Amino acid sequence: MAQSLINKRYCTDKLTVKYAHVGLLDVSDQRIWVARKRMGQNPIQTSHARLITGGTNSSSTADKDRFVCIWFHTPNTGEGYVHGYPIEWAEGHLLVRMDPNWNYQTQQFIPNSETRKVERNIDNQFAWAKRVFQQYVALNPKFPLSWHMIGPRAADSMFYVERVEAAE
């Protein structure tokens, strides 16, 4: 069902480590959709909403809440701090959006008062992010690659969860 929401003019399900890009993880089928390299458009600056039918770079869409957002940076394609945390942008990075209170499977908000559900939700999102990272690592990037989970606040985030060296 969520697959029909994907705007295939702007994205593909072919992962790459050749250029920086944004992407969406469809949690229902564990499929990753990444922004295509298009004439005049930088794939890392494409909005996640653009990857969804009806979305644009200047608007959002509620359908985006069906997908986990990712950002893949090749070396030197990012800059600055993430939630005040220093990132070594000379290396590659996978940033995966984490929302402790949003269940992507059920499309429901989980109140902070339901601690066990929130913790289970974080565990699910962590497992998805780890699988996404492993798929990028399997492409044998020629640069060190780390992954991070980026929450709404710094306290909700996990930086440098795992790092792999450059493929030989």
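A disulfide is a pair of cysteine sulfur atoms within 2.5 Å. By that criterion the structure holds 0 disulfides. The sulfur of cysteine 11 has its closest cysteine sulfur in cysteine 69, 12 Å away, which is too far for a bond. Cysteine 69 is likewise in no disulfide, with the sulfur of cysteine 11 as its nearest cysteine sulfur. Cysteine 11 is buried, with a relative accessible area of 1%, and cysteine 69 also counts as buried, at 8%. Here buried means under 20% relative accessible area, exposed means over 50%, and partly exposed is in between (1.4 Å probe, protein chains only).

This is a predicted model, in which local features need pLDDT of at least 70 and side-chain atom pairs count only at pLDDT 80 or more, while totals for chains, interfaces and linings use all residues. Residues are numbered from 1 along each chain as its sequence is written, and side-chain values use heavy atoms, with hydrogens and water left out.

The sheet comes next. Helices (H or I, at least four residues) and strands (E, at least two) are DSSP runs, numbered from the N terminus. Two strands pair if DSSP finds at least two bridges between them.

Leucine 25 stands opposite valine 68 of strand 4. Strand 4 then pairs with strand 7, again in the antiparallel sense, over 4 bridges. In that pairing, tryptophan 71 has leucine 95 of strand 7 as its bridge partner. Strand 7 and strand 10 (residues 145-150) pair in the parallel sense over 6 bridges. Leucine 94 stands opposite tryptophan 147 in strand 10, and valine 96 has methionine 149 of strand 10 as its bridge partner.

How much of strand 4 is buried? The count is 6 of its 7 residues, so strand 4 is largely enclosed by the rest of the structure. Strand 7 is mostly covered too, with 5 of its 6 residues buried.

Threonine 74 sits in the loop between strand 4 (67-73) and strand 5 (81-82). Threonine 74 counts as buried, at 10% relative accessibility. Leaving aside neighbours within four places in sequence, threonine 74 is in contact (heavy atoms within 4.5 Å) with Val17, Lys18, Tyr19, Ala20, Glu91, Gly92 and Phe143.

Side chains of opposite charge can pair when their charged atoms come close. A salt bridge is a side-chain nitrogen of Lys or Arg within 4 Å of a carboxyl oxygen of Asp or Glu. A search of the whole structure finds 7 salt bridges.

Which parts of the chain does the salt bridge of glutamate 91 and arginine 163 tie together? The two side chains meet at 2.8 Å, N to O. Glutamate 91 lies in the loop between strand 6 (85-86) and strand 7 (92-97), whereas arginine 163 is in strand 11 (residues 158-164), so the pair ties together parts that are 72 residues apart in sequence. Glutamate 91 counts as buried, at 15% relative accessibility, whereas arginine 163 is partly exposed, at 36%.

Arginine 163 also forms a salt bridge with glutamate 165, at 2.3 Å, N to O. Glutamate 165 is exposed, with a relative accessible area of 56%.

Another salt bridge joins the side chains of glutamate 162 and lysine 130, at 3.2 Å, N to O. This pair links distant parts of the chain, 32 residues apart: glutamate 162 is in strand 11 and lysine 130 in helix 1 (residues 115-137). Both ends count as partly exposed, glutamate 162 at 28% relative accessibility and lysine 130 at 31%. Elsewhere, a network of salt bridges links Asp13, Lys14 and Arg31.
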